[in-house]
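Try each task before you read its solution.

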Amino acid sequence: MQKDLMKYFKITVAGFGSLSAFYLYIYTPLQLIVGIIIDMFSIRFILFTAALLCALGCFLFALTSSFPIACFARVMQGAGSAFVYIGALKLAATWLPLSRFAFFSVVMFSFVTLISVSFIIPSLFASSSLPS
């Protein structure tokens with residue numbers, strides 16, 4: 001996928017690294033204030049807006065041929081994603097008994113890790129079997 005994106009956007013390896021990093025440029029600082037924002041506004045509004053922002057970022061990334069717009073799309077994806085884990089913990093704290101909160105947070109974290117690995121492993125096999 002890296003070579004395809006580099007060819008499509010006509011960028012170097014450094015440009016690809018920047019494209020990947022734009023997600024984290026917004027995701028990381030937002031982690032400092034996500035809890036405050038979630039406490040200030042309705043969790044439904046926050047999670048709906050975050051999901052919408054992620055979806056719009058995905059569509060924009062898929063439809064653009066411009067590198068700067070692709071970088072902006074990655075920022076949108078990072079901003080939307082920043083609210084997911086803390087938002088789920090807020091829902092768990094609100095709806096589940098306190099005795100189940102730790103179990104839920106561990107199961108959720110394990111599930112996210114398992115899903116991440118399940119997407120990485122097939123892509124490693126696919127990329128190693130492709131001709132260079």
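**Exercise 1.** Find how many aromatic pairs a search of the whole structure gives, and classify the pair of Phe 22 and Tyr 25.

*Solution.* The search finds five aromatic pairs. Rings of Phe, Tyr and Trp (its six-membered ring) pair if their centres lie within 6.5 Å; planes under 30 degrees apart are stacked, over 60 edge-to-face, and the rest tilted. The ring centres of Phe 22 and Tyr 25 are 5.2 Å apart and their planes stand at 75 degrees, so this pair is edge-to-face. Ring pairs also link Tyr 8, Phe 9, Phe 61 and Phe 67 into a cluster.

A note on the model: it is predicted, so local features need pLDDT of at least 70 and side-chain atom pairs count only at pLDDT 80 or more, while totals for chains, interfaces and linings use all residues. Residues are numbered from 1 along each chain as its sequence is written, and side-chain values use heavy atoms, leaving out hydrogens and water.

**Exercise 2.** Decide whether Ser 105 is buried or exposed.

*Solution.* Start with the cut-offs: buried means under 20% relative accessible area, exposed over 50%, partly exposed in between (1.4 Å probe, protein chains only). Ser 105 has 16%, so Ser 105 is buried. Now try Phe 22: at 26%, Phe 22 counts as partly exposed.

**Exercise 3.** Name the residues that Ser 105 touches, not counting residues up to four places away in sequence.

*Solution.* Contact means heavy atoms within 4.5 Å. With those sequence neighbours set aside, Ser 105 touches Tyr 85 and Leu 89.
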